[in-house]
Amino acid sequence: MGKPVRIEQVTKSYHGLEALSPTSLFLEEGEFVSIVGPSGCGKSTLLRIVAGLDTPTTGRVSVADRVVTQPETDIGIVFQSPVLLDWRNVLDNVLIQAEARKLPHDVYAARARDLLAAAGLKGFENAYPHQLSGGMSQRVSVCRALVHNPSLLLMDEPFGALDALTRDQMMVDLQKLWLRSRPTVVFVTHSVQEAVFLSDRIVVMAPRPGRVEAVLDVPLPRSRRLSMRGTAEFNAIVDEILHHFQRMGVIRDEEDEIPENTTVEMAL
Ligand SMILES: Nc1ncnc2c1ncn2[C@@H]1O[C@H](COP(=O)(O)OP(=O)(O)OP(=O)(O)O)[C@@H](O)[C@H]1O
């Protein structure tokens with residue numbers, strides 16, 4: 001189970017310019033929270049600060065009451081690009097995290113195989129990165145981020161480079177993997193539908209300077225199925241988020257209204 005994360009009045013300025021204005025957020029243990037917002041609103045900055053890869057200008061982040069002051073070790077991170085090592089096979093790429101933490105190889109090799117099977121990669125353990133599709137490579141990255149059973153999983157547009165069908169499958173698979181161990185998740189995405197499908201709560205961010213515009217609950221039952229995207233409950237939440245972006249002037253259409261069931265992938 002994941003640990004709670006407390007973000008308290010965090011700001012970030014670069015060269016005197018405020019990229020992120022005071023941001024506070026509390027993530028409960030095992031909660032899946034997505035951050036959506038236009039380019040440049042500080043999503044990646046906030047994620048890096050939570051990971052301890054960057055320091056806030058003011059404010060602080062704590063994970064289970066311990067203030068983050070350096071790169072966290074009990075976390076898994078997935079970026080948009082899979083960053084696999086070409087000379088290591090799939091299993092050995094997943095095991096990098098375990099090796100870096102000097103964890104027992106046999107135990108973690110079994111766990112890696114189990115995760116790969118759950119991610120639909122059974123039979124590919126000995127394949128090399130150049131033999132994988134983009135979706136398969138990103139599945140390997142997700143397994144690598146989870147193999148040491150982290151209490152916090154941070155994902156920065158992990159499916160952004162994938163085609164729509166692969167993204168759909170990745171959402172389903174990620175939900176399945178998350179439900180197995182329930183780490184606390186911060187998931188940055190430009191896809192409103194992806195955020196609604198996966199999240200317990202969604203943070204809508206506004207740009208210049210980056211700030212939290214709204215936080216929405218997603219009270220849809222789990223485990224969620226792709227067909228849920230056709231339901232009124234699902235689309236009401238999508239519409240609510242889109243209206244926030246309309247109000248901010250981030251998206252517009254000709255009549256300045258959002259048509260029913262609009263799919264906004266990357267208008268942001
Ligand atoms: N190292 C840096 N030096 C100077 N400015 C930076 C640096 N990193 C980020 N910024 C600025 O901070 C702001 C927020 O950037 P950030 O990458 O967090 O946004 P984002 O919401 O993740 O954007 P995107 O969706 O395009 O990835 C931007 O205006 C960016 O130019």
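Colleague: Let's start with His-243. In which helix does His-243 lie?

Modeller: His-243 lies in helix α8, residues 232-248. Helices here are DSSP runs of H or I with at least four residues, strands are E runs of at least two, and both are numbered from the N terminus. Residue numbers start from 1 along each chain, following the sequence as written. Keep in mind that this is a predicted model, where local features need pLDDT of at least 70 and side-chain atom pairs count only at pLDDT 80 or more, while totals for chains, interfaces and linings use all residues.

Colleague: Now Val-78: is it buried or exposed?

Modeller: Val-78, which is found in strand β6, counts as buried because it has 23 C-beta neighbours inside 10 Å. For contacts, ask whether two C-beta atoms, placed from the backbone, lie within 7 Å. Leaving aside residues up to four places away in sequence, Val-78 touches Ser-141, Val-142, Ala-145, Met-155 and Pro-158. Arg-182 is 104 residues from Val-78 in sequence and 16 Å away in space, C-alpha to C-alpha.

Colleague: And the core, how many residues does the largest one have?

Modeller: In soluble globular proteins, nonpolar side chains tend to be buried together. A nonpolar core is a set of buried Ala, Val, Leu, Ile, Met, Phe, Trp, Tyr and Cys residues joined through C-beta atoms within 7 Å. The largest one here has 69 residues, and Val-50, Val-94, Cys-143, Leu-154 and Ile-241 make the most contacts inside it. Leu-154 touches Leu-47, Val-50, Ala-51, Ile-75, Ile-77 and Val-186, again without residues up to four places away in sequence.

Colleague: What does α1 give to the shell around the ligand?

Modeller: A residue belongs to the shell if its C-beta atom, placed from the backbone, lies within 6 Å of the molecule. Helix α1 (residues 43-51) gives the most, with three residues. Among the residues that surround the ligand are Tyr-14, Ser-39, Lys-43, Ser-44, Thr-45 and Gly-210.

Colleague: On to sheets. In what order do the four strands of the open sheet run?

Modeller: Two strands pair if DSSP finds at least two bridges between them. The four-strand order is β2-β1-β4-β5, with antiparallel pairing. β2 (17-27) and β5 (66-67) stand at the edges with a single partner strand each, so one side of each has no neighbour in the sheet. β1 (residues 5-14) pairs with β2 over seven bridges, with Val-10 opposite Thr-23. β1 and β4 share five bridges, and Arg-6 stands opposite Ser-62. β4 and β5 have two bridges, with Ser-62 opposite Val-67.

Colleague: Which residues have a positive phi in the hairpin turns?

Modeller: His-15, in the turn between β1 and β2, has a positive phi of about 50°. Ala-64, in the turn between β4 and β5, also has about 50°. Two residues separate the strands in the β1-β2 hairpin, and two in the β4-β5 hairpin.

Colleague: Where does α1 lie relative to this sheet?

Modeller: α1 lies across β1, β2 and β4 (58-63), at about 120° to β1. Axes are lines fitted to C-alpha atoms, for helices over the stretch in contact, and angles run from 0 to 180 degrees between N-to-C directions.

Colleague: What is the pairing in the six-strand sheet?

Modeller: Mixed, in the order β6-β7-β8-β3-β9-β10. β6 (75-78) and β10 (211-217) are the edge strands with one partner each, so one side of each is left without a neighbour in the sheet. Neighbouring strands there are turned by 15° against each other on average, direction ignored. β9 (residues 201-206) and β10 pair in the antiparallel sense over six bridges, and Ala-206 stands opposite Arg-211.

How values were computed
Buried ≥ 20, exposed ≤ 12 C-beta atoms within 10 Å, placed from the backbone.
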